[in-house]
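Work through the exercises below with the sequence and the 3D structure at hand. Try each task before reading its solution.

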Amino acid sequence: MKKFFIAVAALALGAGTLFAQNAKLEKPFYLGIQGGPMFSLSENAFSYRDNGKTKDLFSGQASFVAGYDFTWKTGVRLSVNYAGKNASANNVKQTSGDNPVTGLPFFPYTFKSINTFVDVTHNISNNPESAFIPKVYAGIGLGHTYDFTDSHHPWQTAYMTSPNNAFGFRFGFIAEYLLTESIGIYADITGEAYTDTFNGLRPGKEERKGSDRDYEGYPGFPLDLRGLCSFGVAFHF
């Protein structure tokens, strides 16, 4: 029985390879479903590392994608992403006292997001007949964040806002392999950047001038960052 299943698997793999060799991109419209790990990086992310919690900056995410290729080289796509556990943290450098829950100088919190992007894609291969389709892309979008958990930070009520809408831009790479003319599997790697309200904190220098919140070092990097690695299936029409 074991040999039978091995033989069937080998035949299926061979058939899939044969189809892929003959497949090429002839259907310009496609829909995709993808998901995978995500890494969050924003203000006070260093406090995760300092407290041995770097792994908590990783979580899951999923997207729905609809795209259209104007030519075999250039296309556009719309992506809607959901992440239920974006990670961030409140200030620790100017905070007196530790987290009353953990007993550590660490004030983590998570939040949900729905992010929408419009990307322009470009096929970097030189073979329009190939079943392998490598693309680079750049896009602009909007991130909506909400449902923030309590970090137990004494300043959370004064400093954090929810819900939030933040402008975003991103760059990425897609590697798709056509199993048939209608179905492809792919990997999608992207880096995203959002204006500073994405994670609910507003540490802009202009907002701190003339106030007791104008602490040296608090206004951080002006963007909130995310790295995503997704795997998906595309259906071409």
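The model is predicted: local features need pLDDT of at least 70, side-chain atom pairs count only at pLDDT 80 or more, and totals for chains, interfaces and linings use all residues. Residues are numbered from 1 along each chain as its sequence is written, and side-chain values use heavy atoms, with hydrogens and water left out.

**Exercise 1.** State how many helices and strands the protein chain has, and in what pattern.

Solution. 
- Step 1: Helices (H or I, at least four residues) and strands (E, at least two) are DSSP runs, numbered from the N terminus.
- Step 2: The count is three helices and eight strands.
- Step 3: Along the sequence they follow α-β-α-β-β-β-β-α-β-β-β.

**Exercise 2.** Find what share of the residues in the protein chain is buried.

Solution. 
- Step 1: Buried means under 20% relative accessible area (1.4 Å probe, protein chains only).
- Step 2: Of the 237 residues, 41% are buried.

**Exercise 3.** List the residues of the largest nonpolar core.

Solution. 
- Step 1: A nonpolar core is a set of buried Ala, Val, Leu, Ile, Met, Phe, Trp, Tyr and Cys residues joined through side-chain atoms within 4.5 Å.
- Step 2: The largest such core has eleven members: Tyr109, Phe111, Phe117, Phe148, Trp155, Tyr159, Met160, Ala166, Tyr194, Phe198 and Leu201.
- Step 3: β4 contributes the largest share of this core, three residues.
- Step 4: A second, separate core has six residues, among them Tyr30, Tyr137, Ile174 and Tyr186.

**Exercise 4.** Describe the largest cavity and its lining.

Solution. 
- Step 1: On a 1 Å grid over the protein atoms alone, a cavity is a set of points where a 1.4 Å probe fits but cannot get out; lining residues have an atom within 4 Å of a point.
- Step 2: Grid points are joined across faces, edges and corners, and a volume is the space filled by probe spheres set on the points.
- Step 3: The structure has four cavities of 30 Å³ or more, and the largest cavity holds about 100 Å³.
- Step 4: Its lining consists of Tyr30, Gly32, Val65, Arg77, Lys135, Ile174, Glu176, Tyr186, Ala234 and His236.
- Step 5: At least two lining residues come from each of β1 (29-41), β6 (164-178) and β8 (223-236).

Technical notes. On a 1 Å grid over the protein atoms alone, a cavity is a set of points where a 1.4 Å probe fits but cannot get out, and a pocket is an open set with protein on both sides within 12 Å along at least five of seven lines; lining residues have an atom within 4 Å of a point. Buried means under 20% relative accessible area, exposed over 50%, partly exposed in between (1.4 Å probe, protein chains only).
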